[in-house]
Amino acid sequence: MSDELLDVRNLRTTFGTRDGTVHAVDGLDLSVSPGETVCLVGESGSGKTVTCESITRLLAEPPARVEADRLRFDGEDLLDAPESSLREVRGDGIAYVFQNPQNALDPVYTVRAHVVEALRAHRDVGRERARERAVELLAEVGIPNPRERCAEYPHQFSGGMRQRVLIAMALAADPDVLIADEPTTALDVTTEAAILDLFADLAAELDVGVLLVTHDLGVVYEVADRVIVLYGGKVMETGSAASVFENPTHPYTRGLLASLPGRGDEMRPIEGEPPDPADPPSGCRFHPRCPDAVDACRGGDQPPLHELGRAEGRRVSCVYYDDSVNADPASLDGGGATPSADSSSSGTPASAADDAVGGEP
Ligand SMILES: Nc1ncnc2c1ncn2[C@@H]1O[C@H](COP(=O)(O)OP(=O)(O)OP(=O)(O)O)[C@@H](O)[C@H]1O
Ligand code: NI
C-alpha cells in the first residue's frame, strides 16, 4: 500500500473538438499524502479543473480522453477501474467541494437536513445518530452555536457560512481526499482567508489530503504545503509553497506574483492572452508572453522540468535552468515579483488608504 492518497504520473487529458484536439492537461505529475494540502495554480484555462475532473474520472469520455502512466487513489488504479468502483471512490474516498454555495444548497431544507442527507447517502446510519453527527460536523467546520443554527435555512447563513456547510457535507462521507475547485471565488477576501485556513486545519486535524484549486497565488502561501503552477496544460514550476512563493523561478510564476496586490510594488498583470488550447505555441507555452524569452524558448516542446533542489522537490520548466542553453537565470528580470523589503514606495495600497482617511500630506 502506498503512502500517497493521490498518485498521478504523466496525466494527459485531451478533448476532441471541431477545431481539432485540445490538450487541456499535458504531462502532469501530482501526489497528495494524508494531511497535506497541494495547490493547483494558474490563470483561467490553464487546466486546473480538468486535472481535478480527470483524477475523479468525472469528465464525459468522449469527448474527453484521459491517459496517464499512473492514476491511483490509495493504491487503487483509477484508469482502468469499472464505473462502479469509481462511483465508490467518489462517494467515500474523494469528496468534492464546489465553487458556488448558492446553487448547491436547497432553500427549502434546513442546514441540518442537508448534512443529515449527506451522511445518510454515504453510510447506513440512523436518523437520530445522523442528526447528532450533523451538529458535530458543523462544529468541526467552525459554525458557531451549531446546535441552534442547524435549524436555520441556507438563506439565513452568510456566504462564508454556507461554504462551511458545503464542506461539512463533503466531510460527511469521511473522505480521505478533499478536492476543492476555487471554493472561495464567491466570497470576500476576509472570508476567503478564513475558509482556506479551515482547509489547512482539516488537513492537519483529520489527516485528509487536500487538493485545492485557485488562481490566486497569494492564498497559496498561507495554506499550501506544495504548489503546482500550470500554464496551458503544462507544469511550469512546482515545489514547496514557501520556496515557490519566496523564490519564484519561472517567469510565469514571477508574473503571477507580480499581478497580486499588496506585494510592495505596483500591481502588474501579465500582458497578453493565454495560448489557444487547440493550437498552442511551440517551445515553452509561455514564450509569446515572456519578457525573458530567448531563441531557445521558441522551438521544440515545453522544456523538461529541471530539478532545482531535491529536498524541496523544486522543479522548473524553463530553458534558463538548462545547462546546455546559454542563458543565465540570474539575468531573469522577475518583473518586480521578488518579495521586496522596501515598502517606502508611495504607491502602496496602505498609504493610499491612509491618505484617503486622514487627509494628511
Ligand atoms: N468539454 C471540453 N471540450 C473542449 N475543451 C475543453 C472542455 N473542457 C475544458 N476544455 C478546455 O480545457 C482547457 C482547460 O480548462 P479548465 O477548465 O481545466 O481550466 P481552469 O484552469 O480550470 O480555468 P478556470 O480558472 O477558468 O476555471 C481550457 O482551454 C478549456 O477550454
Ligand atoms: Ni476551473
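## Shell around ligand 1

In this predicted model, the shell around ligand 1 is made up of 6 nonpolar, 8 polar and 1 charged residues. The shell counts 15 residues, and the closest are Ala-24, Ser-44, Lys-48, Thr-49 and Val-50.

Three elements, β1 (6-17), β2 (20-32) and α1 (48-55), each provide at least two residues of this shell. Helix α1 gives the most, with 3 residues.

## Strands β1 and β2

β1 and β2 run antiparallel and are joined by 10 bridges. The hairpin between β1 and β2 passes through 2 residues. Within this pair, Arg-12 has Asp-26 of β2 as its bridge partner.

β1 also pairs with strand β5 (residues 70-73), in the antiparallel sense and over 4 bridges. Here the bridge partner of Val-8 is Leu-71 in β5. Strand β4 (residues 64-67) runs antiparallel to β1 as well, with 4 bridges joining the two. In β4, Ala-64 stands opposite Phe-15.

## Helix α1 and Cys-52

Helix α1, which contributes to the shell around ligand 1, also holds Cys-52. Cys-52 counts as buried because 20 C-beta neighbours lie inside 10 Å; the cut-off for this class is 20 or more.

Apart from neighbours within four places in sequence, Cys-52 is in contact with Ile-179, Asp-181, Leu-211 and Val-213. Between Cys-52 and Leu-198 there are 20 Å in space, C-alpha to C-alpha, and 146 residues in sequence.

## The open sheet

Eight strands form an open sheet in the order β7-β8-β9-β3-β10-β11-β13-β12, and their pairing is mixed. The edges are β7 (94-97) and β12 (306-309); each has a single partner strand, so one side of each has no neighbour in the sheet. On average, neighbouring strands of this sheet are turned by 20 degrees against each other, direction ignored.

The bridge partner of Ile-94 in β8 is Val-177.

Strand β3 (residues 37-41) is mostly covered, with 5 of its 5 residues buried. Thr-37, Cys-39 and Val-41 point one way from the strand, while Val-38 and Leu-40 point the other way.

Strand β9 (residues 209-214) runs parallel to β3 and is joined to β3 by 5 bridges, and Val-38 has Leu-211 of β9 as its bridge partner. Strand β10 (residues 226-231) is likewise parallel to β3, through 4 bridges. In β10, Val-227 stands opposite Cys-39.

## Helices packed on the sheet

Helix α7 lies across β7 and β8 and runs at about 165 degrees to β7. Helix α8 (residues 189-206) lies across β3, β8 and β9, at about 160 degrees to β9.

## Nonpolar core

The largest nonpolar core has 88 residues, among which Val-115, Ala-168 and Leu-211 touch the most other members. Helix α7 (residues 159-171) supplies the largest share of this core, 8 residues.

Which residues does Leu-211 touch, not counting those up to four places away in sequence? They are Leu-6, Val-32, Val-38, Leu-40, Cys-52, Val-177 and Ile-179. Of these, Val-38 is also the bridge partner of Leu-211, and Val-177 is the bridge partner of Ile-94.

## His-114 in helix α4

His-114 is part of helix α4 (residues 111-122). Is His-114 buried or exposed? His-114 counts as buried because 24 C-beta neighbours lie inside 10 Å.

With residues up to four places away in sequence left out, His-114 touches Leu-105, Tyr-109, Val-165 and Met-169. The C-alpha atoms of His-114 and Leu-71 are separated by 32 Å, and the two residues are 43 apart along the chain.

## The chain overall

The protein chain contains 12 helices and 13 strands. Of its 361 residues, 40% count as buried. Among contacts between residues at least 6 apart in sequence, 65% join residues at least 24 apart.

Definitions and conventions. Residues are numbered from 1 along each chain as its sequence is written. Chains are lettered from A and ligands numbered from 1 in the order in which they are written. This is a predicted model: local features need pLDDT of at least 70, side-chain atom pairs count only at pLDDT 80 or more; totals for chains, interfaces and linings use all residues. A nonpolar core is a set of buried Ala, Val, Leu, Ile, Met, Phe, Trp, Tyr and Cys residues joined through C-beta atoms within 7 Å. A residue is buried if 20 or more other C-beta atoms lie within 10 Å of its own, exposed if 12 or fewer, and partly exposed in between; C-beta atoms are placed from the backbone. Two residues are in contact if their C-beta atoms, placed from the backbone, lie within 7 Å. Two strands pair if DSSP finds at least two bridges between them. A residue is near a molecule or strand if its C-beta atom, placed from the backbone, lies within 6 Å of it. Ala, Val, Leu, Ile, Met, Phe, Trp, Tyr, Cys and Pro count as nonpolar, Asp, Glu, Lys and Arg as charged, and the others, Gly among them, as polar. Axes are lines fitted to C-alpha atoms, for helices over the stretch in contact, and angles run from 0 to 180 degrees between N-to-C directions.
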